[in-house]
Amino acid sequence: MSVTAKELSRMLNLSEAAVSMALNGKPGVSTATRKKVMTLAREQGYDFSRIDGKSSLPQPAQGTVYFIIYRKHGAVVADTPFFSQLAQGIDSGCKKHHYYLNVFYLDESEDPERQLRELIHFDCKGILLLGTEMLENDLLPFLRLKLPLVVLDTYFETIDTDYVLINNAQGAYLAACHLLSHCKEQPGYLRSSYPINNFSERADGFYRAVRRNGMATSNSKVHYLSPSPEGAYADMKAVLAAGERPARCYFADNDLIACGAMKALKEHGFRIPQDVAVVGFDNMPVSAYTEPALTTVNVPKEYMGEMAVRRLSQLIESENSIPMKLEVSTTLVKRKSV
């Protein structure tokens with residue numbers, strides 16, 4: 001007769017809940033605990049066919065992948081739907097490739113090099129690094145670890161490593177061309193007051209569309225707003241209170257800026273889209289519920305996470321590989337704000 005989960009919990013002096021989570025591959029227990037449970041279960045002849053109706057022994061995990069979220073100023077990397085959906089894709093990819101996943105927040109102000117050195121003492125097979133807020137020098141300590149590494153959501157020309165990111169320039173170009181085709185006037189730009197690589201690439205796409213339509217980029221009104229709904233709202237209110245007449249239409253660096261600016265514009269009596277049209281970027285859930293619903297650029301965030309895990313798995317399994325830059329394409333979501 002095979003051993004039961006209850007008996008395993010007594011042998012290991014663990015709760016039945018912890019043993020169940022380990023056997024079912026669910027989060028909530030440490031890597032070390034999961035290993036102890038799985039090892040003893042196999043030694044004692046545990047019947048794995050009981051788990052979720054499976055008829056065969058689950059494939060053992062190949063180690064742990066760390067998803068490291070690097071926080072520099074904290075204005076962009078936060079608990080937003082963008083990053084939660086990206087994390088869902090990473091979690092799904094780790095399950096497909098049989099890796100445990102640990103999420104680790106790393107703050108620039110807390111001696112990143114020391115924290116990273118501690119990582120190599122754990123069962124870390126590779127690192128997925130969210131580099132949204134990073135500068136080039138911030139990446140160097142990760143390269144010194146000599147672990148398989150995939151950087152997400154940013155790209156550095158001077159650093160040869162693997163990247164998975166959004167085609168930011170393409171998305172901004174599509175958004176600006178959509179504004180121009182509808183409004184037939186010079187578009188303005190609601191730019192983030194926090195400079196990051198993604199927003200710089202979006203600026204390139206926006207200005208390329210302006211030039212392609214025969215307009216001078218210097219004639220586009222630019223307002224620098226905080227990349228959050230509250231910050232963008234306050235900043236746009238200050239712009240309008242100073243007597244600035246808004247442009248006929250705007251491209252915003254992200255949906256949060258767009259939503260905050262739209263609220264300020266409406267409070268000052270401007271109708272959207274009749275007086276001022278607005279396009280955002282990221283297709284966050286809030287964009288479908290603004291009044292009017294926000295036209296935006298969709299990013300397949302979960303797919304981006306899955307692709308990052310797939311590439312990291314290739315790096316872990318191959319000793320010789322050429323660094324790759326994988327750009328995820330974007331699409332325009334047309335709603336009522338244009």
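1. Basis. This is a predicted model, in which local features need pLDDT of at least 70 and side-chain atom pairs count only at pLDDT 80 or more, while totals for chains, interfaces and linings use all residues. Residues are numbered from 1 along each chain as its sequence is written, and side-chain values use heavy atoms, with hydrogens and water left out.

2. Overall make-up. The protein chain has eleven helices and twelve strands. Helices (H or I, at least four residues) and strands (E, at least two) are DSSP runs, numbered from the N terminus. The C-alpha trace spans about 80 × 40 × 35 Å along its principal axes.

3. Burial and surface. The protein chain has 338 residues, of which 50% count as buried. Buried means under 20% relative accessible area, exposed means over 50%, and partly exposed lies in between (1.4 Å probe, protein chains only). The accessible surface of the protein chain is about 15900 Å², and carbon and sulfur atoms hold 49% of that. Accessible areas come from the Shrake-Rupley method with a 1.4 Å probe; for residues, only the protein chains shown count as cover.

4. Contacts along the sequence. Of the contacts in the protein chain between residues at least 6 apart in sequence, 71% join residues at least 24 apart. Contact means heavy atoms within 4.5 Å.

5. Helices α1 and α3. The axes of α1 (residues 5-12) and α3 (residues 31-43) come within 11 Å and cross at roughly 120°. That makes α1 oblique to α3. Axes are lines fitted to C-alpha atoms, for helices over the stretch in contact, and angles run from 0 to 180 degrees between N-to-C directions. Angles under 35 degrees count as roughly parallel, over 145 as roughly antiparallel, 65 to 115 as roughly perpendicular, and the rest as oblique. The crossing of α1 and α3 is right-handed; a crossing is right-handed if the near helix is turned clockwise from the far one by less than a right angle, and left-handed if anticlockwise.

6. Residues between α1 and α3. From α1, the residues L8, M11 and L12 meet K36, V37, L40 and A41 of α3. By class, this contact of α1 with α3 has six nonpolar residues, no polar ones and one charged. Here Ala, Val, Leu, Ile, Met, Phe, Trp, Tyr, Cys and Pro count as nonpolar, Asp, Glu, Lys and Arg as charged, and the others, Gly among them, as polar.

7. Helices α7 and α8. How do the axes of α7 and α8 cross? The axes of α7 (residues 168-183) and α8 (residues 197-212) come within 7 Å, at an angle of roughly 40°. The two helices are therefore oblique to each other, and α7 passes α8 in a right-handed crossing. On the α7 side, the residues N168, A169, A172, Y173, A176, C177 and L180 meet N198, E201, R202, G205, F206, R208, A209, V210 and R212 in α8. The contact of α7 with α8 divides into nine nonpolar, three polar and four charged residues.

8. Q170. This residue is found in helix α7. Q170 is partly exposed, with a relative accessible area of 23%. Apart from its neighbours within four places in sequence, Q170 is in contact with S329 and T330. Q170 and L190 are 20 residues apart in sequence and 17 Å apart in space, C-alpha to C-alpha.

9. Cis peptide bonds. The bond from I272 to P273 is cis, with omega near 10°, and P273 lies in the loop between α10 (255-267) and β9 (277-279). The bond from E291 to P292 is also cis, with omega near 0°; P292 lies in the loop between β9 and β10 (296-298).

10. Positive phi. N13, in the loop between α1 and α2 (16-23), has a positive phi of about 55° although it is not a glycine. N13 is exposed, at a relative accessible area of 71%. H98, in the loop between α4 (81-96) and β2 (100-107), has a positive phi of about 65° and is likewise not a glycine. At 26% relative accessibility, H98 counts as partly exposed.

11. T80. Is T80 buried or exposed? T80 is buried, with a relative accessible area of 14%, and its place is in the loop between β1 (64-71) and α4.
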